[in-house]
Amino acid sequence: MSADLKIVVVEDDRDRAISIVDALKDACVCDVVVIADRSGLARQIAAHQPDIVLIDINNPTRDMMEELTLASGPLDRPVAMFVSGNSDGMAEAAIEAGVSAYVVDGLSVQRLKPVMDTAIARFSMVRQMRDELAETRRALEERKVIDRAKGLLMKAKGIDEEAAYALLRKAAMDQGRRVPDVAEALVTAAGLLG
Amino acid sequence: MNYVSIPVAYMPLVDAAPLILAQEMGFAAAEGIALDLIAAPSWSSVRDMLAFGRVDAAHMLSPVPLAMGMGLGGVATEISSVSNLSINGNVIGVGTELKAKLDALGFSFDFHDPIAAAEALVQVSDGPISFGVPFPFSMHVELLRYWADGSALQKHGITIRTVPPPLMAQALAAGEVDAFCVGEPWGSVSVETGAGALLLPGKAIWSFAPEKTLAVRTNWAETEPDLLGRLMRAVWKAGRWLSDPAAHATASDLLSRKAYLDVSAELIDRALSGHLTITQEGDHRQIDGFVEFHSGAATFPWLSQARWIVERLHMANGGAALTDVQIAKIVRPDLHREHLAKLRCDLPGASAKVEGAILSSMAVASAYGQITLQPDGFFDGQIFDPEAKFPPKK
């Protein structure tokens, strides 16, 4: 029986980190550490001597981890970027899910696979939730701008809300633009003129 | 007209200009292509997107394809550097603590003399100086190491840490790094936000250093020669357009857009015009050729530049000692000549030169008469002959 896998997860959002750790612990016999503070990242990671490091592919601190791959780097055992491996399209699946993994040299695919399968599933889920949240926020912002533009039109032209919206929609169609874009232009222009 | 779309990854930096402007100014459209420009969050991400086929071309640090070929850094896809995207354009700066000490010493911040700057730094610091750089395989690291090797910093010692430029101010404040070497606009941003002051342009260390490269997967270059040619010509034309000072205002405006660099056009113009503000008190310095996209056959990927990078990487990190034949499969003057031939632009006759030997503009043999190469000297006056062994450390 080999020793527990040591996994480091780099993630500063507490809820996301917990969700990833829980999933990993269910999937394998492993010791999982979360690093949230990004100062001196490579040295912090080295202190844990992990077998696997998982990080969001869009995390800009990823470049700090590249030091792990240097011969003179902070880890004893050299590290390969997992995404370069060619094991059953795991790399492509990982990129698609938005997770990158750094794996120490010599770790077997059998031990790595359950961890990666879990990480890929969990990161996909988190990414999807984040995309949905961003979409909701954007829709809310646009709604606010459209309301302000409608208000401006109602006041300037003495028309009701429905007529104001119809006017915005017509302008958008005539110019081949989106209603929120036309509304934003109107609000900006009104701000300048006002 | 239908344009063939080519996905291209880039980091939001001033020297991504030839790619961004190839698209924005219609040079890509004139070649029948559209560049689908994807801003990346990190250099690792640019490399992975290219290596795993998410994009077909990328704005890349010139040492990265060579490091990959040497087996450094953990990703091993074959990448070709087909053109230099930019020459020079980095700045070395210090945090507020070192700045205050240098001021107290009476240091002039001449932004010119690396030897004097190194001596001043040694005088005001007790131990090794820690520099933040964007990526372990970069011209930033190579310039810092070369500067340290040939100056008072050698005995004193430097350490180099990777810190993404957006986090540099935080790392300086936390005392993780004392100084930095970054590309624009990050140097100017650090001055603007009061995080630091600029000490030297990268150019002061090596006056013609290949900074970013246009990188493609080697197998894509082989299977899509027609698209590659269109891409290279569009980018070359954008570089030529950028070399006219009259274009700087328009270029700065376009680059400053939220979708691209998302910083003020004024900050971007500083790098393009070489008119830099180096301290928060507003000291200015004018650096000709601060970043170069065209003049002096800037885009030409010299095998001798590649050999220099390989020797330096090998000294610091080990990795495979690439032969000339292996290097020529990564840095591709052959493809550069082949695909730019249609433009009938003038290219050098040779594919390698002695680096560091040109001290003032020099006319050299080329396909259509003569082209003028720009000075390519090193600050310590050494020359690098790619045919000879790398000069031993002093």
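A: Let's start with what a contact is here: two residues are in contact if their C-beta atoms, placed from the backbone, lie within 7 Å. Keep in mind that this is a predicted model. On that basis, 25 residues of chain A are in contact with 25 residues of chain B. On the chain A side, helix H3 (62-65), strand S4 (79-81) and helix H4 (90-97) each supply at least two of the residues that touch chain B. Sorted by class, that side of chain A has 11 nonpolar, eight polar and six charged residues.

Now for the chain behind that surface. Chain A has seven helices and five strands, and along its sequence they follow the pattern β-α-β-α-β-α-β-α-β-α-α-α. Of its 194 residues, 31% are buried. Looking at the contacts in chain A with a separation of 6 or more, 57% come from residues 24 or more positions apart.

The helices H6 (residues 161-175) and H7 (residues 179-193) of chain A deserve a look too. Their axes come within 8 Å and cross at roughly 110 degrees. Since 65 to 115 degrees counts as roughly perpendicular, that makes H6(A) roughly perpendicular to H7(A). From H6(A), Leu168(A), Arg169(A), Ala171(A), Ala172(A) and Gln175(A) meet Val179(A), Val182(A) and Ala183(A) of H7(A). By class, this helix contact has six nonpolar, one polar and one charged residues.

Over in chain B, six strands form an open sheet with mixed pairing, in the order S2-S1-S3-S10-S4-S13. Strands S2 (33-39) and S13 (291-292) of chain B stand at the edges, and each has a single partner strand, so one side of each is left without a neighbour in the sheet. S2(B) runs parallel to strand S1 (residues 4-10) of chain B, and seven bridges join the two. Within that pairing, Ile6(B) has Leu35(B) in S2(B) as its bridge partner. Helix H3 (residues 43-51) of chain B packs on the sheet, where it touches S1, strand S3 (57-61), strand S4 (79-88) and strand S10 (210-217) of chain B. The direction of this helix makes about 145 degrees with that of S3(B).

With 8 other C-beta atoms within 10 Å, Gly369(B) is exposed, because 12 or fewer counts as exposed. Gly349(B) is 20 residues from Gly369(B) in sequence, and their C-alpha atoms are 9.8 Å apart in space.

Methods. Residues numbered from 1 in each chain as written. Chains lettered and ligands numbered in written order. Predicted model: local features only at pLDDT ≥ 70, side-chain atom pairs only at ≥ 80, totals over all residues. Buried ≥ 20, exposed ≤ 12 C-beta atoms within 10 Å, placed from the backbone. Helix = DSSP H or I, 4+ residues; strand = E, 2+ residues; numbered from the N terminus. Nonpolar A, V, L, I, M, F, W, Y, C, P; charged D, E, K, R; others polar. Axes fitted to C-alpha atoms, helices over the stretch in contact; angles between N-to-C directions. Parallel < 35°, antiparallel > 145°, perpendicular 65-115°, else oblique. Pairing = 2+ DSSP bridges.
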